[in-house]
Structures are given as structure tokens and as C-alpha cells.
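I opened this chain to see how its parts pack together. My notes follow in the order in which I looked things up.

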Amino acid sequence: EYAPRKIKISGEPESLHNFYVENHHLDTNGHVNNGQYVLMAKDCIPETADIHQLRVEYKISAMAGDLIQPVLYRNEDSYIVDLTDGYGKSYAVTEFK
């Protein structure tokens, strides 16, 4: 069963530690590799979370030196991590169920 393409953000926002995009996050085009977004978001949820489904909505490309400000939303059956630029734009939104 396929979930909708768009991830609906819900829950109480919790701002987490900011970090900058480094060269090891980049693909050959100079943008953050899609797998790196997933790893960044995974670092924002509890290590003990029992994950059986992952969805990612890629929005805009981040490049070396860009600020990433993750926002965590805890829901009853999922964690949503919005990797933002700190000014309201999302690089990627992930949902871990």
C-alpha cells in the first residue's frame, strides 16, 4: 500500500541542534545526497525507535555551508523530521513509522 507523496506535518515542533552541510554530505553535483538527508533525520529520532516504514519528501537542494535546522514532530505512531534552513524553507521532510 502506497502512502501519499506529501508528508503532512503534525504534532508539537521541537527544534534540535543546528549543523552545517559539509563536503562529505555531497553528491557529484555538489548537492546533499538523498541518503545523507535520511541519515541526518535519523540522528534526530530516539535510537530506541522501532522503525518499519520511511517516507521522504525532498524539497530543495542543500549545498556545502548551508545551515540545517532540524525540527522534530513526535506523533502517536511516527516521528516527522523537517530539515529546514531556519527561515521556513524545507530541504527535506522525513517520516519514520
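**Helix packing**

The buried residues of α1 pack against β2 (19-20), β3 (54-58), β5 (79-84) and β6 (90-96). I took contact to mean heavy atoms within 4.5 Å. Helices (H or I, at least four residues) and strands (E, at least two) are DSSP runs, numbered from the N terminus. The model is predicted, so I kept to its rules: local features need pLDDT of at least 70, side-chain atom pairs count only at pLDDT 80 or more, and totals for chains, interfaces and linings use all residues. Residues are numbered from 1 along each chain as its sequence is written, and side-chain values use heavy atoms, with hydrogens and water left out.

Helix α1 covers residues 34-42, and its buried residues are Q36, Y37, V38, M40 and A41. Buried means under 20% relative accessible area, exposed over 50%, and partly exposed in between (1.4 Å probe, protein chains only). An α-helix has 3.6 residues a turn, so residues three or four places apart point the same way.

I checked the N-terminal end of α1 and found N33 as its cap, with a side-chain oxygen 2.7 Å from the backbone nitrogen of G35. A polar contact here is a pair of N or O atoms within 3.5 Å; within protein, one must be able to donate a hydrogen and the other to accept it, and residues adjacent in sequence count only if both atoms are side-chain atoms.

**Overall layout**

I listed the elements next: the chain has one helix and six strands, in the order β-β-α-β-β-β-β along the sequence. Buried residues make up 37% of the 97 residues. Of the contacts with a separation of 6 or more, 65% are between residues 24 or more positions apart.

**Aromatic pair**

I searched the whole structure for aromatic pairs and got one. The ring centres of Y37 and Y58 are 5.9 Å apart and the planes stand at 55°, so the pair is tilted. The rule is that rings of Phe, Tyr and Trp (its six-membered ring) pair if their centres lie within 6.5 Å; planes under 30 degrees apart count as stacked, over 60 as edge-to-face and the rest as tilted. Y37 sits in helix α1 and Y58 in strand β3, 21 residues apart, and the pair links distant parts of the chain.

**Strand pairing**

I then went through the strands, where two pair if DSSP finds at least two bridges between them. Six of the eight residues of β4 (67-74) are buried. Strand β1 (residues 13-15) runs antiparallel to β4 and is joined to it by three bridges, with E14 opposite L72. β2 also pairs with β4 in the antiparallel sense, over two bridges; there Y20 has L67 as its bridge partner.

β4 and β5 are antiparallel over six bridges and form a hairpin with four residues between them. L72 has V81 in β5 as its bridge partner.

In β6, seven of seven residues are buried. β5 and β6 pair in the antiparallel sense over six bridges, with D82 opposite V93. Their hairpin has five residues between the strands, and G86 in the turn has a positive phi of about 90°. β3 and β6 run antiparallel with five bridges, and R55 stands opposite E95.

**Cores**

I looked for nonpolar cores, that is, sets of buried Ala, Val, Leu, Ile, Met, Phe, Trp, Tyr and Cys residues joined through side-chain atoms within 4.5 Å. The largest has 17 residues, of which V32, Y37, M40, A62, I68, V81 and L83 touch the most other members. α1, β4, β5 and β6 each supply at least two residues of this core. Apart from it lies another core of five residues, including I7, V71, I80 and V93.

**H25**

Last, I checked H25, in the loop between β2 and α1. H25 is buried, with a relative accessible area of 9%. A polar atom of the H25 side chain lies 2.9 Å from the backbone nitrogen of E22. Leaving aside neighbours within four places in sequence, H25 is in contact with Y20, H31, V32, N33, Q36 and M40.
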